[in-house]
Structure formats: structure tokens, C-alpha cells
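Could we go through this model together, with the cut-offs stated as each term comes up?

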Amino acid sequence: MPGDLLLRIHSPESRAMSERVLRATELTSRLNVLPFDDEAGRAALLERILGRPVPDGVTIYPPFFTDHGLNLDLGERVFVNQNCTFLDYAGIRLGSRVMVAPKVTFITVGHPVDTDDRRVWLTGGPIDVGENVWIGAGATILPGVTIGRDAVIAAGAVVAEDVPERSLVAGGKAVVRRTW
């Protein structure tokens, strides 16, 4: 079995996770139908989703989706545009001044490739995004990835490996194009 096994399916922990997914889905459903100018309502629902107040200067535009919410750590002045998804069971940290374009997806969990293990385990790892990173529209960030500070992830990139600081990555499977 892989060394990155995270959670046994059909365990008490798995049941607790499933209950949290249902709760987070209920809360995000409410958030996503609020009038856009209802900032107080948005802040109150985001606090319930995240389990704590949204840091000052953080902007999250709905629709916003998360399967857990409690493991999403946002630095100061983070900007999350519309239609982003955070599957944060294993933890997602966005450093200060990170900018996330529309339709970006962060995924911290998955399933093993082996068919016997696939129905028994969830795998994954946390995502750590350094300060001042810009993630372009439609990018997908996969489990266990670290993105170094000041990096730029191009629109549509699939990031499956760590990204060095001050790098520009592009392509269907992210490839470092240059550093500065």
C-alpha cells in the first residue's frame, strides 16, 4: 500500500468526514445564493464554513465550494475569485497576498491506483501555497504540492509536483518555464 494513505473508508473517521462534507455543502449552498452585496451574510457563513473569522483583507467571491472548510488556512489579503473549489480535508494553506483566478481547483485527497486499495483508502497530502503566488484561471493543484513564493501558475495548468519560488509554470501538466 502507498505510504500516503490518509484515511480508511468506512471507519469512524471516514463517517465523521462524511458528516462534515454534508455540513460544508449545506453552508456553501446557502453562501452561493446570497445577494452579492450581502457582505455581512457572506462573512457570517464563511466563518461557519471555516470555523473561524475570515482574516482581514481576505476576499472570497461566490460561488465558492469546499468539502470540509475547517482545514483551509488563508493568509492576509488573499483573493479568491468566483467558482473555485477547495477539497481541503488534508489541509490547504494560502500564504499572504495569494491571488486565485476563477475556476481554480485545489484537491488534497484522492484514491490509490491499485483497485483493491481504491475501495478501502483515501490518499492525499496538504497543499501549501507561498506568499504572493498568482494561480491562473482553471488551474488544478493536486495533493501534496508546495508552490513557492512569488510563483505564477498559468491558466489551465495541472500542478502535480512542487513548484520552486519565483517560477512560471504552464501546460496541461505544469512544467517550469522560467524562473527570475
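What follows is a short exchange on sheet pairing and ring contacts.

Tutor: Before we start, note that this is a predicted model, in which local features need pLDDT of at least 70 and side-chain atom pairs count only at pLDDT 80 or more, while totals for chains, interfaces and linings use all residues. Residues are numbered from 1 along each chain as its sequence is written, and side-chain values use heavy atoms, with hydrogens and water left out.

Student: Which strands are the edge strands of the open sheet of 4 strands?

Tutor: Strands are DSSP runs of E, at least two residues long and numbered from the N terminus, and two of them pair if DSSP finds at least two bridges between them. The order of the open sheet is S4-S7-S12-S15, with parallel pairing. Pairing on one side only marks the edge strands, which are S4 (72-74) and S15 (146-147).

Student: Which residue in S15 is the bridge partner of Asp-128?

Tutor: Strand S12 covers residues 127-129 and runs parallel to S15, joined to it by 2 bridges. In S15, the partner of Asp-128 is Thr-146.

Student: How far apart in sequence are the parts that the pair of Phe-86 and Phe-106 ties together?

Tutor: Rings of Phe, Tyr and Trp (its six-membered ring) pair if their centres lie within 6.5 Å, and planes under 30 degrees apart count as stacked, over 60 as edge-to-face and the rest as tilted. Phe-86 and Phe-106 are stacked, at 4.7 Å centre to centre with 10° between the planes. Because Phe-86 lies in strand S6 (residues 84-87) and Phe-106 in strand S9 (residues 105-107), the parts tied together are apart in sequence by 20 residues.
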